[in-house]
Amino acid sequence: PLPSECKVTELLIRELARMPELEGIALPLHVIVPSQAARSRCGKVACHVSSAMFPRGSFVRIARNVLASSPELCFVQMASELSLPALIRLGFELCGTYGVATVGKADFRFERPFTTPARLARFLDKAANMPGTVKARKALRFIASGSASPMETCMVMLLCLPLRLGGYNLPKPQMNREVRPKRRGRLAPGDRQCFCDLVWHEARVALEYDSSEFHGPRQAADDARRRNVLLNRGFTVVSVTSGSARNLIELDRIAQILRTRL
């Protein structure tokens, strides 16, 4: 349960605003308080009263007397605010290695995901009938771990969501996983590690997204070498650019190629 003495003050808000981790955070700041008496009249705060019991792992400490929603609780809370596709997209972000700031620009500096689909599933089991859990469980079925960019997330959603949600209903791939030679568990001397954006191991099919933002001549040459390695390992490689992902005719052609190969 939330502590009964929990109270948000303007002084606390000013302290939070000086924290480097919260630089540029959107106001009003949304906070959970245990009772009506704990609400704040400060215009920079929106208080949400909750007397519920929160599962273990719901909060992380970010300052001496400040807790923030954990990624798992955030996912459940946002289920009440977002449409199902938007919630799925948030789940990919939380289980990926990028972040999207409130200004909409992606941050690629994260070394590891905030959470995983398995951890989200365990939290949902503990959360029981907390508001948002029904939609969160529906969204979780479509989330894959390991996305490294918003466009990779977009491609998996376009290709793999069911028809009723606007997707092509293809099998869910693994994301940014190492591809090894067939029937060989260990790389031979001189072999190079090879990672693919989206990979269907059983069908020996990989999809690579070529970003115009980061693909200069050196990156293009490296991509070509990697595709040759993948071809030598028996993989079919399908390339997608930003333009083809946004062109419905080209996207449909790519989806049909993948459907045939899978």
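This is a predicted model: local features need pLDDT of at least 70, side-chain atom pairs count only at pLDDT 80 or more; totals for chains, interfaces and linings use all residues.
Okay, disulfides first. How many disulfides does the count come to? The count comes to 0. As a reminder, a disulfide is a covalent bond between the sulfur atoms of two cysteines. Let me say where two of the cysteines stand. Cysteine 47 has a relative accessible area of 11%, and because the cut-off for buried is under 20%, cysteine 47 counts as buried. Cysteine 154 comes out at 29%, so that one is partly exposed.

Now let's zoom out. The protein chain has 262 residues, and 40% of them count as buried. In terms of secondary structure, we have 9 helices and 10 strands. If you take the contacts with a separation of 6 or more, 54% of them come from residues 24 or more positions apart. As for the surface, the chain exposes about 15,600 Å², and carbon and sulfur atoms supply 53% of that.

On to the inside. In soluble globular proteins, nonpolar side chains tend to be buried together. Here, the largest nonpolar core has 47 residues. Phe75, Ile88, Phe92, Leu159, Leu207 and Leu258 are the ones with the most contacts inside that core. Let's pick phenylalanine 92 and ask: which residues is it in contact with, leaving aside its neighbours within four places in sequence? They are Tyr98, Phe142, Ile143, Ala144, Ser147, Thr153, Val156, Met157 and Met175.

There's also a second, separate core, this one of 14 residues, including Leu22, Leu29, Val31 and Ala38. Let's stay with alanine 38 for a moment. You'll find alanine 38 in the loop between strand 1 (29-33) and strand 2 (45-49). Is alanine 38 buried or exposed? It counts as buried, at 4% relative accessibility. Not counting residues up to four places away in sequence, alanine 38 touches Cys6, Lys7, Val8 and Val33. And look at serine 4: alanine 38 is 34 residues away from it in sequence, yet their C-alpha atoms are 8.2 Å apart in space.

I'd like you to find the open one of 4 strands, with the order 7-8-9-10 and mixed pairing. Which strands stand at the edges? Those are strand 7 (174-178) and strand 10 (236-241). Each has a single partner strand, so one side of each is left without a neighbour in the sheet. From one strand to the next, the twist averages 40 degrees.

Valine 199 is the bridge partner of glutamine 174, and it stands opposite alanine 206 in strand 9. The hairpin of strand 8 and strand 9 has 4 residues between the strands, and there arginine 204 takes a positive phi near 55 degrees.

Last stop: what lies across these strands? It's helix 6, residues 150-160, which lies across strand 7, strand 8, strand 9 and strand 10. Relative to strand 7, helix 6 runs at about 120 degrees. That's it from me, thanks.

Notes: Residues are numbered from 1 along each chain as its sequence is written. Side-chain values use heavy atoms; hydrogens and water are left out. A nonpolar core is a set of buried Ala, Val, Leu, Ile, Met, Phe, Trp, Tyr and Cys residues joined through side-chain atoms within 4.5 Å. Buried means under 20% relative accessible area, exposed over 50%, partly exposed in between (1.4 Å probe, protein chains only). Contact means heavy atoms within 4.5 Å. A disulfide is a pair of cysteine sulfur atoms within 2.5 Å. Two strands pair if DSSP finds at least two bridges between them. Helices (H or I, at least four residues) and strands (E, at least two) are DSSP runs, numbered from the N terminus. Axes are lines fitted to C-alpha atoms, for helices over the stretch in contact, and angles run from 0 to 180 degrees between N-to-C directions. Accessible areas come from the Shrake-Rupley method with a 1.4 Å probe; for residues, only the protein chains shown count as cover.
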